[in-house]
Amino acid sequence: MSWGTELWDQFDNLEKHTQWGIDILEKYIKFVKERTEIELSYAKQLRNLSKKYQPKKNSKEEEEYKYTSCKAFISTLNEMNDYAGQHEVISENMASQIIVDLARYVQELKQERKSNFHDGRKAQQHIETCWKQLESSKRRFERDCKEADRAQQYFEKMDADINVTKADVEKARQQAQIRHQMAEDSKADYSSILQKFNHEQHEYYHTHIPNIFQKIQEMEERRIVRIGDSMKTYAEVDRQVIPIIGKCLDGIVKAAESIDQKNDSQLVIEAYKSGFEPPGDIEFEDYTQPMKRTVSDNSLSNSRGEGKPDLKFGGKSKGKLWPFIKKNKGATPEDFSNLPPEQRRKKLQQKVDELNKEIQKEMDQRDAITKMKDVYLKNPQMGDPASLDHKLAEVSQNIEKLRLETQKFEAWLAEVEGRLPARSEQTRRQSGLYDSQNPPTVNSCAQDRESSPDGSYTEEQSQESEVKVLATDFDDEFDDEEPLPAIGTCKALYTFEGQNEGTISVVEGETLYVIEEDKGDGWTRIRRNEDEEGYVPTSYVEVYLDKNAKGAKTYI
């Protein structure tokens, strides 16, 4: 099976076919190139996805990733990052092993094809030239033969005419001989060219064209083999990363198997354990005795109402609750006293550890400066030892400050851990009681959880300190304040225990006055009587506004 023998007359079609083969090869190169771009884009998107869900450093989100399920998620993100890297490897290997190699081969193929078809055209031109020479000699032989015949006929005519002179006859005879000789020469030339053409034609169709077409066939078959090898490489590049991708997936499975729900539950306990003890039993209050009702120290009503009518602000009795205080939101006391005991202990321990690390760092720096000073003392040419005295003194001062700071936090830590006198039993019981009801209080008026999402706790202070703080922070805001007018009424749809600062308790079905609408924060300000007013959740009441009432003042 040879193109030279089977397709000897299909030069033009072979030229078109080989060009088509090169086009197919270039199309395959383009396909692989687009595949590499897709792999790179996919890898980039995977990396961005992994980065997007990585916890931000030094953020609350990072603290949440102490749970095993979150750690497994982090491992999954890291494995996906490695997974993306393997797609980058696919792109790089396809570019280097297929695209670059085939692009170079296409250029060589085009050059070889051009050379082969140039030789074919050259052979075609040569045989066409030989054919033209043959046709020319043939026409010349034919013309000379006709001329010789006419000269012979003219001589015979002259020779037969008795009126023609002998000289004219001789001239005609010589002319006939010349023409006959020219015909013989043309015949010999035609025969020679014909033999040469037949030889060239035989060489063209049985040697030159077969050889040229054989080269073209071999070139085309190499192209076919090359594109097949490239397809194998294409698959092999993918196959090479399968084990590594498998390891990435195995890593994800291993991370998932490392999730420990019991450990996570324990971490929740450690994160949110308050350290308060549950409240004790509530004492029985005997209403059958004809005496003024006394409220037990452990009752819920005491925890809610204690101190309200008795607190004095600059000599004035305040009969209403102050609204939510948002200006102090987010402020954390230095001793973390706003936190429950267990959480406070953890924070204090963490602070002590941080201070000890800073002390060690400063001590290392002091040791380094001391060594450098010794070097300067032994080798004055290296530097002035006195130049380090200021820095050494500064570091020593920093160490002393840090030690004092550490002692302060260690004292607070010791108090929390019970090494110093603890709070009274009564305070502990009340704190435990408030803790059991979710929103802890500062003397029954702690900040609401909706107003303070961090859910911080505030330990109870003495009544004197409460009065002092409240008088300082709130007296100026509430002195001589006119009671807000009622702008409507409302009916309590559900019972609400207003135990937080600025709230008021209501009973299902109770009707009260509305003195301030919901400002978008989910709370409505209501009044029961002249001395009792506060906020309730808007969803707990059905409001009936008086259209003729004047708008209430905005309370700041």
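**Overall architecture and side-chain pairing in the predicted model**

The protein has 11 helices and seven strands, where helices (H or I, at least four residues) and strands (E, at least two) are DSSP runs numbered from the N terminus. The structure is a predicted model, in which local features need pLDDT of at least 70 and side-chain atom pairs count only at pLDDT 80 or more, while totals for chains, interfaces and linings use all residues. Residues are numbered from 1 along each chain as its sequence is written, and side-chain values use heavy atoms, with hydrogens and water left out.

Of the 556 residues in the protein, 35% are buried; here buried means under 20% relative accessible area, exposed means over 50%, and partly exposed covers the range in between (1.4 Å probe, protein chains only). The accessible surface comes to about 35300 Å², and carbon and sulfur atoms account for 51% of that area. Accessible areas come from the Shrake-Rupley method with a 1.4 Å probe, and for residues only the protein chains shown count as cover. Among contacts between residues at least 6 apart in sequence, 73% join residues at least 24 apart, a contact being heavy atoms within 4.5 Å.

Several residues of α8 are buried, among them Leu348, Val352, Leu355, Ile359 and Glu362. An α-helix has 3.6 residues a turn, so residues three or four places apart point the same way. The buried set of α8 also includes Pro341, Gln343, Arg344, Ile369 and Tyr376. What covers these buried residues includes α6 (261-272) and α9 (389-416).

Attention now turns to charged side chains. Side chains of opposite charge can pair when their charged atoms come close. A search of the whole structure finds 23 salt bridges, each defined as a side-chain nitrogen of Lys or Arg within 4 Å of a carboxyl oxygen of Asp or Glu. One of them joins Glu15 and Arg121, with the closest N and O atoms 1.9 Å apart. This pair links distant parts of the chain, since Glu15 is in helix α2 and Arg121 is in helix α4 (residues 68-160), 106 residues apart. Arg121 is partly exposed, with a relative accessible area of 33%.

Lys215 and Asn116 are 99 residues apart in sequence and 7.1 Å apart in space, C-alpha to C-alpha.

A buried pair provides a further example. Arg525 forms a salt bridge with Glu516, the closest N and O atoms being 3.6 Å apart. Arg525 counts as buried because its relative accessibility is 2%, and Glu516 counts as buried at 5%. Arg525 and Glu516 are part of a network of salt bridges that also includes Arg527 and Glu533.

No disulfides were found in a search of the whole structure, a disulfide being a pair of cysteine sulfur atoms within 2.5 Å. Among the cysteines, Cys145 is partly exposed, with a relative accessible area of 24%, whereas Cys248 is buried at 4%.

Finally, the surface carries a nonpolar patch formed by Leu49, Tyr53 and Phe73, with about 270 Å² of accessible area together. Patches are made of residues with over 30% relative accessible area and no salt bridge, like charges being joined within 9 Å and nonpolar side chains (Val, Leu, Ile, Met, Phe, Trp, Tyr) within 5 Å. Tyr53 lies in the loop between α2 (11-52) and α3 (60-64) and is partly exposed, at 39% relative accessible area. The loop between α2 and α3 also holds Gln54, which is partly exposed at 24%. Gln54 is 19 residues from Phe73 in sequence and 9.1 Å from Phe73 in space, C-alpha to C-alpha. Not counting residues up to four places away in sequence, Gln54 touches Ile74, Leu77 and Asn78.
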